[in-house]
Amino acid sequence: MEGSSGCRIERDAGQRLSAFDLPKVELHVHLDGAIKPETILYFGKKRGIPLPGDTVEDLLQHISYTEPLTLTQFLEKFSFYMPAIAGDRDAVRRIAYEFVEMKAKEGVIYVEVRYSPHLLANCKVQPVPWDQEEGDLTPDEVVHLVNQGLQDGERDFNIKARSILCCMRHMPSWSLEVVELCKKYQNNTVVAIDLAGDELLLAETFPEHRKAYEEAERCGIHRTVHAGEVGSPSVIKEAINVLKTERIGHSYHVLEDPALYRELLSRKMHFETCPWSSILTGACDPDFRKHPVIQFMNDKANYSLNSDDPLIFNSSIETDYKIAKQFLDFTEEEFKRVNINAAQSSFLPKKEKKELLSKLYEAYGMVPNNPS
């Protein structure tokens with residue numbers, strides 16, 4: 001795989017050799033961006049929904065890409081295949097189950113997967129997404145089905161999986177329902193709320209987003225926000241000051257505001273970074289050796305490595321780890337550190353977080369800094 005910078009990511013031939021073979025934690029990956037192409041083809045055929053290809057190879061030619069596009073062009077990729085999945089109960093439950101299987105094979109022992117319940121529904125959602133006809137699958141039932149798929153996957157693949165429900169910047173009318181779903185399923189896989197979409201649509205101009213996050217904070221629901229991916233540092237400031245976020249999705253452009261960056265370093269704010277994604281969405285310079293993660297690493301920032309949308313980026317978490325090793329000069333110690341960061345910054349309850357950290361320390365042959 002080679003980007004426009006000419007940086008080639010080495011692919012394994014024969015026996016799989018990982019950039020980091022020990023257990024991993026992933027905090028920023030989208031369910032609808034991590035669907036098996038075979039599953040898309042199956043439900044497209046079953047439901048009679050046309051797709052841009054009849055084979056995995058043909059489908060991926062339209063969905064996946066390996067050269068930088070704009071964030072808008074990237075988001076358009078979802079419209080090619082989501083009509084085959086959205087609105088179908090079996091499809092929704094299956095993609096959640098297969099997601100857990102995929103992560104277990106990648107050596108991930110804890111994952112937080114995010115999605116918009118409304119974008120997988122076709123009932124009690126306006127407008128109905130993906131030009132679907134009105135059906136009978138509500139956002140509430142979508143969450144229930146995803147929960148079932150995740151729990152079945154946990155049982156079968158010995159991995160812990162939790163979910164984050166996304167508000168969409170361009171659909172503020174959905175946000176108050178999203179926080180109500182977070183409340184309803186707070187002790188049933190759902191651990192947090194997120195805000196995703198076009199960062200030019202500032203949340204403070206839409207009172208529904210702000211009210212949803214205020215309610216989340218009031219009810220003890222954890223909060224993360226996509227900010228500073230392609231947007232300016234002002235979007236990050238809004239996420240912190242208006243939405244009271246506890247983590248920031250991406251956050252690369254925080255480096256354009258040194259004072260803000262220093263403040264977030266001192267607060268140990270967690271940055272959910274996705275190196276390969278950041279190049280392909282045009283968020284960062286395509287030369288990996290100029291990547292913001294290098295600054296985060298040098299400053300011992302609190303950040304993690306994540307795959308974001310592996311279906312569309314033709315990748316896995318291993319892709320991001322290889323980038324870190326080949327181009328960002330990661331050491332074994334830094335890989336361990338970012339995974340411990342991820343576990344510490346996860347949205348698990350205190351007891352479960354402590355158990356996760358213990359697993360990592362044991363696997364890494366480390367003594368915890370604070371064993372209490």
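Is Arg 267 buried, partly exposed or exposed? Arg 267 is partly exposed, with a relative accessible area of 44%. This value, like the others below, comes from a predicted model.

**Salt bridges**

- The structure contains 30 salt bridges.
- One of them pairs the side chains of Glu 263 and Arg 267, with N and O 3.1 Å apart.
- Glu 263 has a relative accessible area of 34%, so this residue counts as partly exposed.
- Elsewhere, Glu 112, Arg 114, Asp 194, Arg 247 and Glu 272 belong to one network, joined by salt bridges that share partners.
- Lys 184 and Asp 140 also form a salt bridge through their side chains, at 2.8 Å from N to O.
- Lys 184 belongs to helix H7 (residues 175-184) and Asp 140 to helix H6 (residues 139-157), so this pair ties together parts of the chain that are 44 residues apart in sequence.
- Lys 184 is exposed, at 53% relative accessibility, while Asp 140 is partly exposed, at 24%.
- Arg 162 and Glu 154 make a further salt bridge, and their closest N and O atoms are 2.8 Å apart.
- Arg 162 counts as buried because its relative accessibility is 14%, and buried means under 20%.

**The largest pocket**

- The volume of the largest pocket is about 750 Å³.
- Its lining is made up of 34 residues.
- Leu 75, Met 168, His 170, Gly 197 and Asp 198 are the lining residues that lie nearest the centre of the pocket.
- Helix H3 (71-76), helix H4 (78-85) and strand S3 (160-168) are the elements that each give two or more residues to this lining.
- H3 contributes the most, with five residues.
- By residue type, the lining has 17 nonpolar, ten polar and seven charged residues.

- Strand S4 (residues 190-196) and S5 run parallel and are joined by two bridges.
- Within this pairing, Ile 193 has Arg 223 in S5 as its bridge partner.
- Between S4 and S5 the chain passes through helix H8 (residues 207-218), and this β-α-β crossover is right-handed.
- In strand S5 (residues 222-227), five of the six residues are buried, so the strand is largely enclosed by the rest of the structure.
- S5 is also parallel to S6, and four bridges join the two strands.
- Val 225 has Ile 248 as its bridge partner in S6.
- A right-handed β-α-β unit is made by S5, helix H9 (residues 233-241) and S6.

- Strand S6 (residues 247-250) runs parallel to S7, with three bridges between them.
- Gly 249 has its bridge partner in S7, namely Glu 272.
- From S6 the chain crosses through helix H10 (residues 258-266) to S7 in a right-handed β-α-β crossover.
- S7 is in turn parallel to strand S8 (residues 303-305), and three bridges join these two strands.
- Phe 271 is paired with Tyr 303 in S8 as its bridge partner.
- Which residues cover the two faces of strand S7 (residues 270-273)? His 270 and Glu 272 lie on one side, Phe 271 and Thr 273 lie on the other, and all of these residues are buried.
- In a regular strand, side chains alternate between the two faces of the sheet.

**Leu 181**

- Leu 181 is located in helix H7.
- Leu 181 is buried, with a relative accessible area of 4%.
- Leu 181 and Leu 280 are separated by 99 residues in sequence, and their C-alpha atoms are 32 Å apart in space.

How values were computed. Residues numbered from 1 in each chain as written. Predicted model: local features only at pLDDT ≥ 70, side-chain atom pairs only at ≥ 80, totals over all residues. Heavy atoms only, no water. Salt bridge = Lys/Arg side-chain N within 4 Å of Asp/Glu carboxyl O. Buried < 20%, exposed > 50% of the residue type's maximum accessible area, 1.4 Å probe, protein only. 1 Å grid on protein atoms, 1.4 Å probe; cavity = no way out; pocket = protein on both sides within 12 Å on 5 of 7 lines; lining within 4 Å. Points joined across faces, edges and corners; volume = space filled by probe spheres on them. Nonpolar A, V, L, I, M, F, W, Y, C, P; charged D, E, K, R; others polar. Pairing = 2+ DSSP bridges. Right-handed = clockwise from strand over helix to strand, strands pointing away.
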